[in-house]
Amino acid sequence: MRQPFVYTSLPVRALFDVAAAGAVAEEAARIGMLRVLVVRSPGGRSAADAALISSGLGARLAGAFAEARVHVPVETLEACLGAHRDFAADGIVAVGGGSSIGLAKLVAAETRTPLIAVPTTYSGAELTPFNAVTTGGQKVQRRDPAMLPASIVYDPDLTTSLPLGISGPSMMNAIAHAVEAMYAPETNPVIGAKAELAIRLAARALPRIGVRGNDRDARRDLLLSAMLAGEVLAVTSMALHHKLCHILGGGYDLPHAGVNSVILPYAVAYNAPGAGNVASRVGAALGATDAAATLFDLAQRSGGPASLEALGLPEAALDVVAKAAAGQSYENPVPLAVVPLRAMLGDAYAGRRPECGAYWSAT
């Protein structure tokens, strides 16, 4: 790319490859947090991670909200805001994946309270100034710079026990962020270079944790990949892949990472004809020729769900989703048309291996 461009980097302080408990306590003291609300999801692993970090906070710990939910139902947001008020919190620490951190970002924006994020999965969403809230089965995006954490603490040791079936789909979500950033209207050489590195790191590390889940170097590379993918997503806009995932997740209560893992190869195949050289660059980062087919194979080998049917989507929903996606208004490399979208969703429902350009060459 030789055209002039403008690149705006968001202000983010990240502490990488550190021991979380000590680093969070030091960051809370540096920021001036005196009454910290810890936000996490229900469940044993989330509770153990949060307990480790809470112990380091000592007297700064005011309380906890342990009911973060996927897709952030509006009722969950209201309950967490109530906990923030009841504990008189002046700071938030979010521990976990996209559910915990997404909820905490929304609360931070509503209350203008500083946030420390401790991601234990790989979406990279901790770096973005936006998140969706689900109301009446529809995910509605909110954007506010106040959602950006004051600090992000990356500790690979919090991820070494993460099962492949969670790690893989979460990482495919991060790869989706990198891919869409490469053909977004705001893309430029800086964004492209970071996105390609994110994809390359993920493609190298995911097979390694399939062999040895506690491979710390591989886990470190996955966190770095997610960090880069989140950073490029934060300064670009989303297209077909993420819009489809929002329709499917919010409307049919499907798991966010799982939907991303299934949809990504098909969205790449659909968009390839209008995305310039992006498909070939993604393929090169993956060490392959056909980006869509290789992403499909990577998702399958990395513990991802086999299809939309396996996620529990009713087949009758395919026509509804295709029409809803075609009715959206946003920039996408190729037109959003019902017939090719329905063909793409049919393949994703059945789990058929896609190839770049298949949906447009068939219409």
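Predicted model: local features only at pLDDT ≥ 70, side-chain atom pairs only at ≥ 80, totals over all residues.
## Nonpolar cores

In the largest nonpolar core, which has 100 residues, Ile 263 and Leu 308 are the residues that touch the most other members. Helix α6, spanning residues 189–211, supplies ten residues, the largest share of this core. Beyond its neighbours within four places in sequence, Leu 308 is in contact with Leu 248, Val 262, Ile 263, Leu 313, Leu 345, Ala 348 and Tyr 349.

In soluble globular proteins, nonpolar side chains tend to be buried together.

## Helix α6

The 23 residues of α6 should span 33 Å at 1.5 Å a residue, and because the end C-alpha atoms lie 34 Å apart, the model agrees with that expectation. At the start of the helix, a side-chain oxygen of Asn 188 comes within 2.9 Å of the backbone nitrogen of Val 190.

The buried residues of α6 include Ile 191, Gly 192, Glu 196, Leu 201, Leu 206 and Ile 209, and the helix's buried residues pack against α5 (164–182), α7 (216–234), α10 (278–286) and α11 (291–301).

## A buried glutamate

Glu 126 lies in the loop between β5 (115–119) and β6 (130–135). Although Glu 126 is buried, it has no salt bridge, and the nearest side chain of opposite charge, that of Lys 105, is 7.5 Å away.

Leaving out residues up to four places away in sequence, Glu 126 touches Ile 101, Ala 117, Pro 119, Pro 149, Ile 152 and Tyr 154.

Conventions
Residues numbered from 1 in each chain as written. Heavy atoms only, no water. Core = buried A, V, L, I, M, F, W, Y, C linked by side-chain atoms within 4.5 Å. Buried < 20%, exposed > 50% of the residue type's maximum accessible area, 1.4 Å probe, protein only. Helix = DSSP H or I, 4+ residues; strand = E, 2+ residues; numbered from the N terminus. Contact = heavy atoms within 4.5 Å. Lys, Arg positive; Asp, Glu negative; His and termini not counted. Salt bridge = Lys/Arg side-chain N within 4 Å of Asp/Glu carboxyl O. Expected span 1.5 Å × (residues − 1). Polar contact = N/O pair within 3.5 Å; in protein donor to acceptor, adjacent residues only side chain to side chain.
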